[in-house]
There are 2 protein chains.
Amino acid sequence: MRSAVRVGIIGFGTVGSGVVKILVERQELIRRRLGCPIEIAGIADLDLKRDRGVAISKAILTTDANRIIKDPEIDIVVELMGGYDPARRYLLDAIGDRKHVVTANKALLAAYGEEIFSAADAAGVDIGFEGSVGGGIPIIRAMKEGLSAENITAIYGIVNGTCNYILTRMTDEGKQFSEALSDAQRLGYAEADPTLDIGGADSAHKLAILANLAFGTPVSIKDIYTEGVDKVTALDIFFAEEFGYKIKLLAIAKLADGEIEARVHPTMIPKEYLLSKVDGVYNAIYIAGTSVGETLFYGPGAGAIPTGAAVVSDLIDIARNIIKGDAMGGRVPPASFLQMSRTPLTVKRVEEIESLYYLRFTAEDRPGVLSKISGVLGQYQISISSVIQQGRKAGGAVPLVMMTHRARERDVQEALRQVNQVNYVSEPTVLIRVEGPEAGEAP
Amino acid sequence: MRSAVRVGIIGFGTVGSGVVKILVERQELIRRRLGCPIEIAGIADLDLKRDRGVAISKAILTTDANRIIKDPEIDIVVELMGGYDPARRYLLDAIGDRKHVVTANKALLAAYGEEIFSAADAAGVDIGFEGSVGGGIPIIRAMKEGLSAENITAIYGIVNGTCNYILTRMTDEGKQFSEALSDAQRLGYAEADPTLDIGGADSAHKLAILANLAFGTPVSIKDIYTEGVDKVTALDIFFAEEFGYKIKLLAIAKLADGEIEARVHPTMIPKEYLLSKVDGVYNAIYIAGTSVGETLFYGPGAGAIPTGAAVVSDLIDIARNIIKGDAMGGRVPPASFLQMSRTPLTVKRVEEIESLYYLRFTAEDRPGVLSKISGVLGQYQISISSVIQQGRKAGGAVPLVMMTHRARERDVQEALRQVNQVNYVSEPTVLIRVEGPEAGEAP
């Protein structure tokens, strides 16, 4: 029996401090589950001065990550510094040194996952990344192990707490985007530069990871169509409610006929769906499969301690392998499917998808406009399921809102291009994709 | 590399057929995740004639379970016959023969879990029981592995689809219990003899398993206070709505100050809680912990294919160990904590718990009754947070409904005993426990 499993941590920031805190405070719990302690053998960070509010020996601190990577006493290297490089290099070096690795770096995995997974697979070491998606929700393990017998057909995720918080405030209080964003920043739910969150890129990173695990194929971040929440208006949230929907930023991946859809955008979903009820900074991932039907995993999407606990669950997992013997690395393939059994699948261009659509035209309030607009839609085989025409603003522009039946995105885009050019339409038409029963999905 | 992992199945009923169907139809998926096939080496059942709608060789069928247990070619024995004996004996014999085992038998694990877990631990074999709780929801694995770094403080589970279906129909359509039960039976959501489900015993079995994994202690089924849904009336559901609550059959376990609460009963929860929105035959398990805060796991609670997929996920898990070598059995302790590190904790008697209470008195509609009843409650330190008095039925009995602040169950029981004896109260008072913000919980 091992007397201890030793970890080295690179990056002593928010999540790093959370991991250290949990490892220090939960020693007894970990010992009861694992049979031996997990010892922190080293922590590398450029800032060794700042107080992280956790008592650790100064002797294990270093500014040199290579001392962690090369330390023969260390079993597992934990990368929590974020960013692409040198994080990527550190992980590959640690793997090259036959150390198991753990990371919560979704941007890195979305961009360089293939390289890192292949390296881990070739070296026969484990890679844990439970902290990369859904914070404290054990979604990675659910997809790699819990749902391992499942033919997963669709994923719908609320995977960015900042965006969900903003949309929740806009929905509950009728606030505009900029106001809700300011609140989020004041409360620490949004960064000073919130671009990565509100622009949707963070959600796309997470979707790339989830789709990879679900469908057994690498998914490139550049193939994921991405729209953020910054264009969502209080007016559209109001109309969504009128139609019985809520607007959520969803990360959507589907597999049908050997092709994948992978996209991130504000989405209207029926307000009675469980996903509609996931509010504030919480995350939830809905997974549909041919055996299980529908499942949903809900919890905190971020935070030092929830994400830290996810990282420590990876450490316990790998430590359980280490205790059982050196041959145990790679017990579960990095990306759920054996590396050699993963099949590259085509990701559809967004123009090829089909969806229901919410369209908000800003049109002059005069006779014949509804007929003209619906005429253009009809030319493109887009049929309308309901209309809200609010009016009377003598001579001025008013919103004209339509929900469509299932239509092809390309047709909708073409039709809108045509409508936007006519003189009775005064602003670019707003398009929001809608998921609902008619689309054959029921998150 | 193993050329195959071989399983023997005892019990070719509903779930057994689901498992076989998945193993047959998903061979390619399993191979892509595992690297080798899972072969069905034998199936034992007393009925070899009935068509299960799945193509398997007759040569692997037997009526003799011992042929499965003793077959040296079989790596994993799957017990899906249900009941206590001989299922218990078969599992222990298979473990004694150093075979890994998988079961979905919650009644057996609730009653004999300690014996079976200890035997598996001593033999160094794995035991999988993902199918025993929450059907297709990978909740067992979440508790043993995903939340392994977590100090779990509370579990609130909707773990019986039959009861949840009945309560949903009663809530949505104002039906009485007997009517909703008939519907459930007609639709196949309730057994002809529904006692085990509607009486709450099935939920208690599942709670015993979950509390065991959460708190690292054996929990005896007889220490779980259990009430079913059969006493819930449409009237109480109506009043619950008036107060902003829904009634769900919850399996509740909490750990505080080194003592456990474990109970199953109809419970009012605020209607905006996510658990309130889990309807129909679906299950959900809410888990609170000191790092993760709140998590919720939602999915189908039963059914041949969802539960079958859970069983097959156990097979893949164990097969991943087998492929890595014989030493891998027991990588994860049977009950999440090492057997030797589990600490027996006291389960509080229900009289000792504290809760909020909904009380519905059936009292004569005359002056002074409210004052008298609240006077008795006051004697027992029970304070009232709100009252609904519906009236005027000249001289007749009317419902008088109260919500209490936090109170001790023993006091409430004593007070009701006293109130029920007075002549202006014409029927035994209805008591429904309430979980909500004041109780310090927020599922």
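This is a predicted model: local features need pLDDT of at least 70, side-chain atom pairs count only at pLDDT 80 or more; totals for chains, interfaces and linings use all residues.
## Helix 12 of chain B

Residues are numbered from 1 along each chain as its sequence is written, and chains are lettered from A and ligands numbered from 1 in the order in which they are written.

Helix 12 of chain B (residues 304-324) has 21 residues and reaches 30 Å from its first C-alpha to its last, close to the 30 Å expected; the expected span is 1.5 Å times one less than the number of residues. Helices (H or I, at least four residues) and strands (E, at least two) are DSSP runs, numbered from the N terminus. Because 19 of its 21 residues are buried, helix 12 of chain B is largely enclosed by the rest of the structure. Buried here means 20 or more other C-beta atoms within 10 Å of the residue's own, with C-beta atoms placed from the backbone.

## Relation of the two chains

Chain A superposes on chain B by a rotation of 180° with 0.0 Å of shift along its axis, at an RMSD of 0.0 Å. The two copies are thus related as by a two-fold rotation axis. F297(A) comes closest to the axis of the residues of chain A, at 2.4 Å (C-alpha).

## Interface

The contact takes 51 residues from chain A and 51 residues from chain B, with contact defined as C-beta atoms, placed from the backbone, within 7 Å. On the side of chain A that touches chain B, helix 12 of chain A gives the largest share, 11 residues. The copies meet through the same surface, since 100% of the interface residues of chain A are also interface residues in chain B.

Strand 12 of chain A and strand 12 of chain B (residues 293-300) pair in the antiparallel sense over three bridges; pairing requires at least two DSSP bridges. L296(A) has Y298(B) as its bridge partner in strand 12 of chain B.

## Parallel sheet of chain B

In chain B, six strands form an open sheet with parallel pairing, in the order 3-2-1-4-5-6. Strand 3 (61-62) and strand 6 (127-128) of chain B stand at the edges, each with a single partner strand, so one side of each is left without a neighbour in the sheet. Strand 2 (residues 38-44) of chain B is joined to strand 3 of chain B by two bridges, and I43(B) has L61(B) as its bridge partner in strand 3 of chain B.

Note on methods: A residue is buried if 20 or more other C-beta atoms lie within 10 Å of its own, exposed if 12 or fewer, and partly exposed in between; C-beta atoms are placed from the backbone. Copies are superposed by least squares on the C-alpha atoms of residues with pLDDT of at least 70 in both. Two residues are in contact if their C-beta atoms, placed from the backbone, lie within 7 Å.
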